[in-house]
Amino acid sequence: QGSDPGHCLFKAMSCLAGCFNFVTTLMGQDEHSPGKASPAQVKEALARTRGDKAAAAEWLLRQPATRQQGGRPPVVPDVARDFVESLWAEYILKQDQAVGKFLSSRRLSADVVQVLEAKEDQIREARDHRAAISKLAAEWGAPFPGGPSAAGGPSKMPVVQATPVRQGAGSIPFGQVVQGRPMQGGPGYAPRPSGRRKAVLIGINYFGTQAQLRGCINDVHNMQRLLVETYGWRADNMQILTDDNPRCMPTRANITQALHWLVEGVQPGDVLFLHFSGHGAQQEDPHGFEEDGMNETILPTDFKRAGMMTDDQIGDIVVKNLPEGVRLTAVMDCCHSGTGLDLPFSWTQRGWREETNPYHSRGDVQMFSGCEDHDTSSDASTAYGAAGGAMTTALCDVLRSNPSPTYPQLIHELNVVMGRRGFSQRAQLTSSQCFEFDRPFLLDDIMPNRNPSIGRIFRRKFPPQPRRMQGPLANMLGIGAAVFGGLILGDMVGGLLFGGY
């Protein structure tokens, strides 16, 4: 039709190449190809491109389901391994053009190169290159070059340097803040999740007492449904303690036993969950480590006889000896719960803030609490009209709506939901590790250890600053309206405060 013969020949060759790509995409003939497309994908591709096989092949190659099936990496194992090693060499060891040299040294199909280049773009744009490479290695089942034997040490990122100070030598300004950057220390690496999951859920309504609550047992059932229905956890891997079940009463002894069960025999890749809904209080910290001089406590059903459990005692069981590569997510819906596990880092609007006298550990522990240490938690109303803790209810509602929000989205949505329901308390996040905050919240996303030292760092001793306590729980504790580290309860009635957490 008068067209340029060279142009016609080029179009014909392009069409043939497109048909060849389409056929190889369907059949998976190339040993480095990601795998063949399903019939449904082929049908959708042809429909989208109005029968243009070259365009359909291009569309198919861009789809995640075509690039990766059955949990396998989108490339053969040796390519995945060498690609991850080249990423490590370029972005951690600072070897120029390491990825480019790898790509040019291998005879890879165009679609595989496209996948690898897209992955490199993600690594390049990530703020924490080490964590991004670790996550990619875990997804593809490739060895992670940043294990204990890796050369080159940690990447050069801003560091929270925790310098020990002798007692009595004066104080170091506390509250050091890292602007959303991960703390770099040991050569930790994130293992692949093992599939082993365990949970302990505790809810106490304190039936028949002056300080009876309404929603704590409902909180436990709500949290169990979230784990089972939304995240696929198994109910038979959970221990549930509620004071409406005589066989599983949340006494101090039973809570202690359950906490030991939670961490018994854990190995890297294991994922744990701890939830407490009930009364929280305070008592004097004999060491002066806490910034208000007070330890946070939870109250078992038999607290009048057996005593309260402090954050130090809980932390001794589930935090301090937790191995590297194990994830524990905790939710504490009770008064004075901001630092309820005595974790070293608190998230603020300016970044991670380190405690004055932090205790650093190896495991990945993240705790969400219903309020700061000086605040009180409150009862709320769930969508079904049953009483429940404001924090637990909001967390379950937010995560059911979006099971994998980013951390900023999660904290924001929690505060929006609680504020919309009339509660002034703010969600708090504390952590054993200082990690990049703008990442998805996933229960099995395990942060590697980046603490350069393990154990307590002492900088300053704080005097006790107890808060005035009044109301039914104060009477139960035998302190009336005396100044004591305790909780202040919810609704104003006759000049006293009743009915909260």
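Which residues line the largest cavity? Phe-289, Glu-290, Glu-291, Asp-342, Leu-343, Pro-344, Glu-355, Thr-356, Asn-357, Pro-358, Tyr-359 and Arg-456 do. The model is predicted, so local features need pLDDT of at least 70, side-chain atom pairs count only at pLDDT 80 or more, and totals for chains, interfaces and linings use all residues. Residues are numbered from 1 along each chain as its sequence is written, and side-chain values use heavy atoms, without hydrogens and water.

Cavities and pockets were found on a 1 Å grid over the protein atoms alone. A cavity is a set of points where a 1.4 Å probe fits but cannot get out. A pocket is an open set with protein on both sides within 12 Å along at least five of seven lines. Lining residues have an atom within 4 Å of a point. Grid points are joined across faces, edges and corners, and a volume is the space filled by probe spheres set on the points.

Five cavities of 30 Å³ or more are present.

Asp-342, one of the lining residues, has a positive phi of about 60 degrees although it is not a glycine. Asp-342 sits in the loop between β8 (327-333) and β9 (345-348). Helices (H or I, at least four residues) and strands (E, at least two) are DSSP runs, numbered from the N terminus. Asp-342 counts as buried because its relative accessibility is 15%. Buried means under 20% relative accessible area, exposed over 50%, and partly exposed in between (1.4 Å probe, protein chains only). Tyr-206 also has a positive phi, near 60 degrees. Tyr-206 lies in the loop between β2 (197-203) and α9 (216-230). At 4% relative accessibility, Tyr-206 is buried.

Of its 17 lining residues, Gln-122, Ala-126, Ala-132, Lys-135 and Arg-439 are closest to the centre. Helices α7 and α8 (129-140) each give two or more residues to this lining. The most, five residues, come from α8. The lining has six nonpolar, one polar and ten charged residues.

Helix α7 (residues 110-125) has 16 residues. It reaches 23 Å from its first C-alpha to its last, close to the 22 Å expected. The expected span is 1.5 Å times one less than the number of residues. Buried residues in α7 include Val-112, Val-115, Lys-119 and Ile-123.

Strand β6 (residues 294-298) has five of its five residues buried. Met-294, Glu-296 and Ile-298 lie on one side, Asn-295 and Thr-297 on the other. Strand β5 (residues 280-284) joins β6 through five bridges in the antiparallel sense. Two strands pair if DSSP finds at least two bridges between them. Strand β7 (residues 309-310) pairs with β6 over two bridges, also antiparallel. Thr-297 stands opposite Ala-281 and has Thr-310 as its bridge partner in β7.

The whole structure contains 14 aromatic pairs. Tyr-407 and Phe-437 form a tilted pair, 5.5 Å centre to centre with 40 degrees between the planes. Rings of Phe, Tyr and Trp (its six-membered ring) pair if their centres lie within 6.5 Å; planes under 30 degrees apart count as stacked, over 60 as edge-to-face and the rest as tilted. Tyr-407 and Phe-437 are both buried.

Technical notes:
Nonpolar A, V, L, I, M, F, W, Y, C, P; charged D, E, K, R; others polar.
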